[in-house]
There are 6 protein chains.
Amino acid sequence: MATVKLIEPEDAKGRVKEIYDDISKTRGGDKVNNIWKALANDPALLDATWNRIKQVMAPGALDSVTKELIYIAVSVVNGCEYCVHSHTAVARKKGMTEEMRSELLSVIAMASQTNALANAYQIEVDDSFKE
Amino acid sequence: MATVKLIEPEDAKGRVKEIYDDISKTRGGDKVNNIWKALANDPALLDATWNRIKQVMAPGALDSVTKELIYIAVSVVNGCEYCVHSHTAVARKKGMTEEMRSELLSVIAMASQTNALANAYQIEVDDSFKE
Amino acid sequence: MATVKLIEPEDAKGRVKEIYDDISKTRGGDKVNNIWKALANDPALLDATWNRIKQVMAPGALDSVTKELIYIAVSVVNGCEYCVHSHTAVARKKGMTEEMRSELLSVIAMASQTNALANAYQIEVDDSFKE
Amino acid sequence: MATVKLIEPEDAKGRVKEIYDDISKTRGGDKVNNIWKALANDPALLDATWNRIKQVMAPGALDSVTKELIYIAVSVVNGCEYCVHSHTAVARKKGMTEEMRSELLSVIAMASQTNALANAYQIEVDDSFKE
Amino acid sequence: MATVKLIEPEDAKGRVKEIYDDISKTRGGDKVNNIWKALANDPALLDATWNRIKQVMAPGALDSVTKELIYIAVSVVNGCEYCVHSHTAVARKKGMTEEMRSELLSVIAMASQTNALANAYQIEVDDSFKE
Amino acid sequence: MATVKLIEPEDAKGRVKEIYDDISKTRGGDKVNNIWKALANDPALLDATWNRIKQVMAPGALDSVTKELIYIAVSVVNGCEYCVHSHTAVARKKGMTEEMRSELLSVIAMASQTNALANAYQIEVDDSFKE
């Protein structure tokens with residue numbers, strides 16, 4: 001089957017254990033989620049993914065909640081059920097209210113609709129957008 | 001061909017003309033873009049799309065720039081070249097800096113990557129996300 | 001580059017030439033389009049694709065125009081510019097009016113929107129749909 | 001979690017209740033489905049979606065069954081499990097036979113295949129399609 | 001509902017029975033999987049799909065395992081849960097090791113990421129790629 | 001507009017210049033392609049992407065050509081024109097023959113087709129795949 005053995009924290013060793021500890025610490029004591037337990041089967045992939053995501057999702061020019069909203073939008077369009085669930089949970093923890101979620105969904109729905117229309121009509125990019 | 005005749009403002013009449021005027025006014029005097037000139041071939045579609053987008057993209061629990069960032073993210077994943085161009089232009093006008101754009105792209109790239117991994121591993125949703 | 005050498009009708013031989021003749025005949029004397037000239041680099045792929053498409057797109061429980069509308073819908077969502085152009089042209093030739101095209105696009109836009117909403121909300125399938 | 005509280009008809013009030021009644025009436029006495037109970041958390045989104053879908057899916061230049069077939073095609077390509085289930089049920093109720101469904105699926109499969117081939121070969125749009 | 005009645009081998013007749021026998025034989029005695037039992041509702045679709053897949057997946061310039069890896073990659077990006085499961089199982093049977101699977105997933109993740117970046121930046125194809 | 005200023009090698013400094021040199025060296029003296037010149041606007045993104053791609057695409061349990069074939073498959077399905085072009089060029093340089101390319105495309109087309117069918121029929125995963 002396609003599913004993968006999950007490496008539980010009590011079985012983690014070496015670099016995997018260090019990353020699990022860093023995940024828990026960074027996430028305020030949260031349990032390590034299934035995606036990390038899956039990636040741990042390939043420590044190099046776990047390492048590259050975690051270290052990059054930690055850097056990318058840290059607040060910068062965009063705050064943490066905004067980054068989570070963008071993450072959810074991408075995950076919805078890519079049809080990733082796991083990612084929609086996990087990042088909706090994270091976004092709520094970081095402060096996404098129900099009003100914000102409703103507006104997020106309305107924008108996703110609106111964009112999906114106009115994306116389809118622009119592709120169906122093969123609309124040419126306006127010259128003014130190319131300046 | 002798939003492309004559609006664009007209805008220029010000088011040829012617009014009745015409901016289409018009213019909407020064109022509202023678009024210009026709402027967008028601070030901007031010219032009417034090609035997508036609206038295409039949708040104008042079907043006034044009911046133009047009306048429904050414009051009135052909903054005006055409502056959805058107005059600032060609410062999320063500010064205008066955040067909504068544009070989400071719009072761009074959806075358009076990138078849906079592969080809509082027109083929409084990526086037009087909403088990148090709009091987002092800049094509303095205050096998206098190059099730093100914000102870089103972070104937006106990093107989040108889109110990160111999410112696309114983990115979406116693929118979660119789907120490839122068919123990772124089960126954690127019980128904690130279902131509570 | 002990714003593009004492929006197009007096999008022109010005057011250079012076609014054997015099985016490829018026979019298929020080109022069948023395409024022209026089936027399409028009422030039309031010229032052979034670029035996709036067939038590309039697939040001709042792999043005669044087995046050309047053969048399998050043409051013979052299946054001829055069978056699939058022939059009128060049956062669904063008429064030809066309806067089949068073209070479905071083809072366009074799939075091509076829009078898959079972001080295939082070539083296919084949107086070519087099948088819009090074919091659909092028109094088979095009788096798709098501008099009114100039909102407008103309604104097609106409105107349905108595509110509507111479905112894209114509710115698809116995104118259902119995926120974002122992870123809505124459970126109603127029991128009544130499972131009966 | 002990503003799922004959302006469903007607003008049951010007995011808890012619906014004001015604008016939501018009116019829309020639920022209109023859904024039941026328009027659908028010939030059918031129960032209100034989960035997607036509407038989810039959207040009801042955001043009455044403006046429920047209102048905009050229902051009123052537009054009612055207009056878009058009504059028979060016009062295309063009949064109701066044809067519109068449902070297009071809806072299913074879009075939902076399959078977008079990977080929306082909920083929408084595939086619900087619109088397959090609706091399409092059957094409106095008269096989609098098993099023969100029609102088989103042909104629908106054959107067209108979706110055929111288009112998905114040629115979409116991939118055209119994108120992989122980066123085939124140029126024929127001049128004749130641009131006329 | 002969207003699911004379809006599965007035609008079990010003991011109920012298969014005529015052309016369907018012949019194809020079931022060919023599937024079992026080609027797959028080294030394996031049971032006929034659900035996708036074939038579903039397609040059997042439309043014998044012409046079953047026939048076209050099985051005969052083409054048998055031809056396409058046979059070793060040629062690419063070996064069988066490589067073809068399965070490509071199949072999995074496509075299925076992950078298209079979000080086909082059934083196909084990811086079934087082809088991961090087949091690939092393992094044909095010799096895909098856990099190391100190969102890890103590298104497959106790393107390439108899928110990497111490509112998904114750069115696909116998003118290239119689309120977001122609307123990067124122009126280098127002249128050198130067009131030579 | 002959505003396109004981004006390309007940082008030419010002669011304008012590269014510091015970390016960006018080091019990475020450009022590493023790209024040229026790793027690619028056997030090749031010119032730096034547009035995607036890297038675009039990513040160079042965000043040195044941290046350039047660094048993370050290049051170092052990960054160098055690691056991921058290096059021969060391991062899978063050889064370099066196989067990895068490029070998988071990369072192309074993902075890029076086709078994600079509709080990334082730039083990536084299809086660039087990785088088709090790279091794959092050819094690494095040894096992809098026209099026969100291999102034809103088989104790659106046939107597998108992509110086949111998988112796209114069965115992905116659509118499995119999603120349309122909502123086929124249940126066989127128990128044997130879950131063992």
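Helices (H or I, at least four residues) and strands (E, at least two) are DSSP runs, numbered from the N terminus.

The model is predicted: local features need pLDDT of at least 70, side-chain atom pairs count only at pLDDT 80 or more, and totals for chains, interfaces and linings use all residues. Residues are numbered from 1 along each chain as its sequence is written, while chains are lettered from A and ligands numbered from 1 in the order in which they are written.

In α1(D), the residues D:Val16, D:Ile19 and D:Tyr20 are buried. These residues span an arc of only 105 degrees around the axis, which puts them on the same side of α1(D). The arc is that of the directions from the helix axis to the C-beta atoms. A residue is buried if 20 or more other C-beta atoms lie within 10 Å of its own, exposed if 12 or fewer, and partly exposed in between, with C-beta atoms placed from the backbone. The exposed residues D:Gly14, D:Glu18 and D:Lys25 sit on the face of α1(D) turned away from its buried side. The buried residues of α1(D) pack against α2 (34-39) and α3 of chain D. D:Gly28 follows α1(D) and has a positive phi, near 70 degrees.

Helix α3 (residues 43-57) of chain D contains D:Ile53. D:Ile53 has 20 other C-beta atoms within 10 Å and is therefore buried. D:Gly95 is 42 residues from D:Ile53 along the chain, and 19 Å separate their C-alpha atoms.

In chain B, helix α4 (residues 64-77) has 14 residues and should span 20 Å at 1.5 Å a residue; its end C-alpha atoms are 20 Å apart, which agrees. α4(B) is mostly covered, with 13 of its 14 residues buried.

Chain A has two assigned domains: domain 1 (1-58) and domain 2 (60-123). The bounds come from an automatic or database domain assignment. Taken over C-alpha atoms, the centres of domain 1 and domain 2 of chain A are 24 Å apart. Contact joins 4 residues of domain 1 of chain A to 5 residues of domain 2 of chain A. Two residues are in contact if their C-beta atoms, placed from the backbone, lie within 7 Å. The domain 1 side divides into 3 nonpolar, 1 polar and no charged residues. Ala, Val, Leu, Ile, Met, Phe, Trp, Tyr, Cys and Pro count as nonpolar, Asp, Glu, Lys and Arg as charged, and the others, Gly among them, as polar.

Between chains, the contact of F with E takes 57 residues from chain F and 57 residues from chain E. α6(F) gives the most to the side of chain F that touches chain E, with 16 residues. That side of chain F divides into 31 nonpolar, 18 polar and 8 charged residues.

Chain C superposes on chain B by a rotation of 120 degrees with 0.0 Å of shift along its axis (RMSD 0.0 Å). The two copies are thus related as by a three-fold rotation axis. The C-alpha of C:Gly79 is the one in chain C nearest the axis, 3.8 Å from it. Superposition is by least squares on the C-alpha atoms of residues with pLDDT of at least 70 in both copies. Only 14% of the interface residues of chain C are also interface residues in chain B, so the copies meet through different surfaces.

Definitions and conventions. The expected span of a helix is 1.5 Å times one less than its number of residues.
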